[in-house]
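The sequence and structure are shown first, and the description follows.

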Amino acid sequence: MQEAVNAHAIVDQAIGVLIGLGGISASDGWDVLREASQHTNTKLRTIAQAVIDWAQGRPLPQPVRKELDAALRRLPRRLQTPAADG
């Protein structure tokens with residue numbers, strides 16, 4: 001149970017990073033993380049942790065960066081993507 005709570009908190013923090021830096025909604029942030037997880041065959045929690053790590057100055061793994069950027073580009077309007085800068 002504690003692991004699930006921790007994973008939820010990590011995902012929420014990553015959504016917050018995407019909201020703050022990408023100018024997207026919480027719903028879009030969830031969709032971006034979910035799509036990146038699916039397209040890289042990586043657990044959502046792992047993708048979320050990579051986003052948090054990136055916000056703290058660590059590089060994003062290339063496959064994660066590529067899929068986050070692609071997911072952001074698929075949103076209804078073109079955004080300045082945080083993944084493109086990192």
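## Basis of the description

A residue is called buried when its relative accessible area is under 20%, exposed when it is over 50%, and partly exposed in between, using a 1.4 Å probe and protein chains only. The model is predicted, so local features need pLDDT of at least 70 and side-chain atom pairs count only at pLDDT 80 or more, while totals for chains, interfaces and linings use all residues. Residues are numbered from 1 along each chain as its sequence is written, and side-chain values use heavy atoms, with hydrogens and water left out.

## Overall architecture

The secondary structure of the chain consists of 5 helices and 0 strands, giving the pattern α-α-α-α-α along the sequence. Helices (H or I, at least four residues) and strands (E, at least two) are DSSP runs, numbered from the N terminus.

The chain has 86 residues, of which 41% count as buried. Of the contacts in the chain with a separation of 6 or more, 49% are accounted for by residues 24 or more positions apart; contact means heavy atoms within 4.5 Å.

Leu-33 is found in helix α2. Its relative accessible area is 0%, and Leu-33 is therefore buried. Leaving aside residues up to four places away in sequence, Leu-33 touches Val-11, Ala-14, Ile-15, Leu-18, Leu-44, Ile-47, Ala-48, Val-51 and Leu-68.

Helix α2 packs with helix α3 (residues 44-55) at an angle of about 115°, their axes being 9 Å apart. Axes here are lines fitted to C-alpha atoms, for helices over the stretch in contact, and angles run from 0 to 180 degrees between N-to-C directions. On the α2 side, Trp-30, Leu-33, Arg-34, Ala-36, Ser-37 and Thr-40 meet Leu-44, Ile-47, Ala-48 and Val-51 of α3. By class, this contact has 7 nonpolar, 2 polar and 1 charged residues. Ala, Val, Leu, Ile, Met, Phe, Trp, Tyr, Cys and Pro count as nonpolar, Asp, Glu, Lys and Arg as charged, and the others, Gly among them, as polar.

## The connection between α2 and α3

Asn-41 is found in the loop between α2 and α3. Asn-41 counts as exposed because its relative accessibility is 73%. Although Asn-41 is not a glycine, it has a positive phi of about 55°. Most residues other than glycine have a negative phi.

Within helix α3 lies Thr-46, which counts as partly exposed at 44% relative accessibility. The C-alpha atoms of Thr-46 and Ile-10 are separated by 9.0 Å, and these residues are 36 residues apart along the chain.

## Salt bridges

Side chains of opposite charge can pair when their charged atoms come close. A salt bridge is a side-chain nitrogen of Lys or Arg within 4 Å of a carboxyl oxygen of Asp or Glu, and by this rule the count comes to 4. One of them joins Arg-34 and Asp-31 at 3.3 Å, N to O. Both residues lie in helix α2 (residues 26-40), 3 residues apart, about one turn of the helix. Arg-34 is partly exposed at 29% relative accessibility, and Asp-31 is partly exposed at 22%.

Another salt bridge is formed by the side chains of Glu-35 and Arg-74, at 2.7 Å, N to O. Glu-35 lies in helix α2 and Arg-74 in the loop between α4 and α5 (82-85), so the pair ties together parts that are 39 residues apart in sequence. Glu-35 counts as buried at 19% relative accessibility, whereas Arg-74 counts as partly exposed at 43%. A salt bridge of 3.0 Å, N to O, also connects Asp-53 and Arg-58.

## A buried charge without a salt bridge

Which side chain of opposite charge is nearest to Glu-67? Glu-67, placed in helix α4 (residues 62-73), is buried yet has no salt bridge, and the nearest such side chain is that of Arg-74, 4.5 Å away. For charge, Lys and Arg count as positive and Asp and Glu as negative; His and the chain ends are not counted. Apart from residues up to four places away in sequence, Glu-67 touches Ala-36, His-39 and Thr-40.
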